[in-house]
Amino acid sequence: MKCDWVQQNILFYVYNELEDDARYEVEQHLGRCPQCATELKSARAFHTSMSQHPVVEPSPNLLTSSRMRLQEALETTAQGGFFHRLIFEPRIWLRQVRMAPAMAAVIFIVGFGGGIGATYNFMASRATSSGVALVEPGSTQSPVEASAITGIRSVTQDPSTNQVSIKYDTISTQEAQGSMNDQRIQQLLLFAARNNYNSGVRMDSVDVLTQAPNDTRVREVLMYSLQNDTNPGVRMKALDGLSGFVRQDPQVRDAVLQALVSDSTDAVRLQALRLVEPMKADSKVHAVLIRLAKTDQNASLRSQARTMLEQMPELD
């Protein structure tokens, strides 16, 4: 990984906005590159300095006017000018900010106002055009549309009541509470499992969803997580939720077989192998077992696949 890419993503790293795999690569690079480690230290110092100042809630008029002024400036500023460097070359102006506190204040105010204003206008227009309703906790209104949600902050479940509590962001952070039978709760869990950048939230969401795998939408999300999530812990949770449907649902069985063949984590593959063992006489499962027994690089998987094949009764 090159220093340029790492330094361009330092701010995303500081604000926990990187995907798990990218974050891992950045951390590995920082451990062996003193120059990039110095950039990280400077970015964190800047972040700490800014976080010490109180945050004042801007008025709607300020948000709107800031957005308009920013849009006008972007349209009239020549390519390669100040705003181009501000947006597309953060590591350059960060060095300048360290030497110019006044510039830091201007960038923060304009960026904050413009960004929030853009979000406000965008979300308002989406809500008006599509009839989106932001549902407050305990409300009997229709569930919030996933298109209106910007992120899921946390998913928790009370073991004594099985009530699920989900904090999510629209323009501001909101919270919904209810049982797994609540349509709002199901919708938010499905959104969190597929879209949230925080692997811990995805883990919690999938963990709760495994309690209702009979729902077709839940099963589809669990299969999606098994095949696409970057966190092996989330994929293991998804396997647990799908375990009861490997025999009866061909799509689930195919998803588990795909994980068995191609997943990057041996623990996930071993769990998938255990799930398909009762169906080893199935033609697809049998073909995968033969492939594993002959060519797989994992000795334990090869051995277990051979054992399963040997235990199969011979056909007349």
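This is a predicted model: local features need pLDDT of at least 70, side-chain atom pairs count only at pLDDT 80 or more; totals for chains, interfaces and linings use all residues.
## A strand pair to start with

Ser165 sits across from Gln177 of β3. Strand β2, residues 164-169, runs antiparallel to β3, and six bridges link the two.

Zoom out and you get an open sheet of three strands, ordered β1-β2-β3 and paired antiparallel. At the edges are β1 (151-157) and β3 (173-178), each with pairing on one side only. From one strand to the next, the twist averages 15 degrees.

## Helices on the sheet

Helix α9 (residues 183-195) packs on this sheet and touches β1, β2 and β3. Its direction makes about 125 degrees with that of β3.

Helix α10 (residues 199-209) packs on the sheet as well, with contacts to β1 and β2. Here the angle is about 50 degrees, taken between the directions of α10 and β1.

## Helix α15

Now for α15, which spans residues 283-295. Its 13 residues reach 18 Å from first C-alpha to last, close to the 18 Å you'd expect at 1.5 Å a residue. Where the helix starts, Asp282 has a side-chain oxygen within 3.0 Å of the backbone nitrogen of Lys284.

Which residues of α15 are buried? They are Val285, Val288, Leu289, Leu292 and Ala293. These residues lie on the same side of α15 because they cover an arc of only 135 degrees around the axis. They pack against α13 (250-262), α14 (266-276) and α16 (299-311).

Terms used
Residues are numbered from 1 along each chain as its sequence is written. Side-chain values use heavy atoms; hydrogens and water are left out. Helices (H or I, at least four residues) and strands (E, at least two) are DSSP runs, numbered from the N terminus. The expected span of a helix is 1.5 Å times one less than its number of residues. Buried means under 20% relative accessible area, exposed over 50%, partly exposed in between (1.4 Å probe, protein chains only). The arc is that of the directions from the helix axis to the C-beta atoms. Contact means heavy atoms within 4.5 Å. A polar contact is a pair of N or O atoms within 3.5 Å; within protein, one must be able to donate a hydrogen and the other to accept it, and residues adjacent in sequence count only if both atoms are side-chain atoms. Two strands pair if DSSP finds at least two bridges between them. Axes are lines fitted to C-alpha atoms, for helices over the stretch in contact, and angles run from 0 to 180 degrees between N-to-C directions.
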